[in-house]
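Hello! Here are a few notes to read alongside the model; I hope they are handy as you look it over.

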Amino acid sequence: HFILKYTQTHSRSMFKLPNLPNELGTEEFEKESARVEGGKITLNFVGLAEGDFSLEVVLSLTVQEVKALIEAQKGIRFDSITLTQNGKDLLDPFSLSDLGIAESTTIDIKVASS
């Protein structure tokens, strides 16, 4: 099955099909399929005084849900966590998939002092 991607050009709208398997290598196509379908990936978190850690998550999780997982596993208050990738804050209403997060992405975690 294919998922249509909606794009808007000038004042006209159109739908675009994603790259088909023959336009991508098999590995790239499988990665794209996993991304679209919410496949599991491993995120690597760095920046905590207690040390780095990893979490296995699905791409459909929102940043807010990832913060809740961190709170449950590490005991860090949800509202004190800021997650960044390449210097950009990962904003709460978006899913990991929306933000283009991929397998083995390294995410910086900052904890506000209480």
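1. From the N terminus on, the protein chain runs β-β-α-β-β-α-β-β-β, which gives two helices and seven strands. Helices (H or I, at least four residues) and strands (E, at least two) are DSSP runs, numbered from the N terminus.

2. A word on the basis: this is a predicted model, with local features needing pLDDT of at least 70, side-chain atom pairs counting only at pLDDT 80 or more, and totals for chains, interfaces and linings using all residues. Residues are numbered from 1 along each chain as its sequence is written, and side-chain values use heavy atoms, with hydrogens and water left out.

3. Strand 7 (residues 106-111) pairs with strand 3 (residues 40-46) in the parallel sense over three bridges, and with strand 5 (residues 81-85) in the antiparallel sense over four bridges. Pairing requires that DSSP finds at least two bridges between two strands. Within strand 7, I107 stands opposite F45, and V111 is the bridge partner of I81.

4. How many aromatic pairs are there? The count comes to one: the ring centres of F45 and F53 are 4.9 Å apart and the planes are at 15°, so the pair is stacked. Here rings of Phe, Tyr and Trp (its six-membered ring) pair if their centres lie within 6.5 Å; planes under 30 degrees apart count as stacked, over 60 as edge-to-face and the rest as tilted.

5. F45 is buried at 1% relative accessibility, and F53 is buried at 9%. Buried means under 20% relative accessible area, exposed over 50%, partly exposed in between (1.4 Å probe, protein chains only). Buried residues make up 27% of the 114 residues in the protein chain.
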